[in-house]
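Welcome, and thanks for taking a look at this one with me.

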Amino acid sequence: MTSFQNTVLFRYFFFHWLFRDASVKELYQRSAAIAHNKANRHHLITYLRRWITLTLLMYFFGIMLEQLNTLACVFFYTVAALCACTIAKITVAWIFLGQQNPQRNL
């Protein structure tokens, strides 16, 4: 059986599998990983749209259930708040991957 990280649902919402680890010690491997990550930066917009849609749906369900069931309303608002944290993380990653490296004078 495959793990959850290899499923389509995981890859639909989580983008970590697209990027390489840039915390290696060797300079050339780190530069290659950073270049790879910057090249895949454009995929983050798609993931951002998906998470914004999910957040708006959770807020909508929370609003609709506010009058009927308080516990269900709390669940949907909590999920929406967690989605908002993920949106912030994706936005920060997209901004920082888009920055140009300043030239260093050695």
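Let us begin with a pair of helices. Helix α3 (residues 43-65) packs against helix α4 (residues 70-97) at an angle of about 160°, and their axes lie 8 Å apart. Here an axis is a line fitted to C-alpha atoms, for helices over the stretch in contact, and the angle runs from 0 to 180 degrees between N-to-C directions. The crossing of α3 past α4 is left-handed, meaning that the near helix is turned anticlockwise from the far one by less than a right angle. In the contact of α3 with α4, 25 residues are nonpolar, four are polar and none is charged.

A word on provenance: this is a predicted model, in which local features need pLDDT of at least 70 and side-chain atom pairs count only at pLDDT 80 or more, while totals for chains, interfaces and linings use all residues. Residues are numbered from 1 along each chain as its sequence is written, and side-chain values use heavy atoms, with hydrogens and water left out.

Now the whole protein. The protein has four helices and zero strands, where a helix is a DSSP run of H or I with at least four residues and a strand a run of E with at least two. The radius of gyration, taken over C-alpha atoms, is 18 Å, well over the 13 Å that the globule rule gives for 106 residues, so the protein is more spread out than a compact globule. That rule is 2.2 Å times the number of residues to the power 0.38. Along the principal axes, the C-alpha atoms fill a box of roughly 65 × 40 × 20 Å. Of the 106 residues, 22% are buried (under 20% relative accessible area; exposed is over 50%, partly exposed in between, with a 1.4 Å probe and protein chains only).

What about the cysteines? A search of the whole structure finds zero disulfides, a disulfide being a pair of cysteine sulfur atoms within 2.5 Å. Two cysteines are set out below.

| Cysteine | Nearest cysteine sulfur | Distance |
|---|---|---|
| Cys-73 | Cys-83 | 15 Å |
| Cys-85 | Cys-83 | 9.1 Å |

Cys-73 counts as buried because its relative accessibility is 7%, whereas Cys-85, at 51%, counts as exposed.

Finally, Phe-96 sits in helix α4. Is Phe-96 buried or exposed? At 52% relative accessibility, Phe-96 counts as exposed. The C-alpha atoms of Phe-96 and Arg-41 are separated by 9.6 Å, with the two residues 55 apart along the chain.

Terms used
Nonpolar A, V, L, I, M, F, W, Y, C, P; charged D, E, K, R; others polar.
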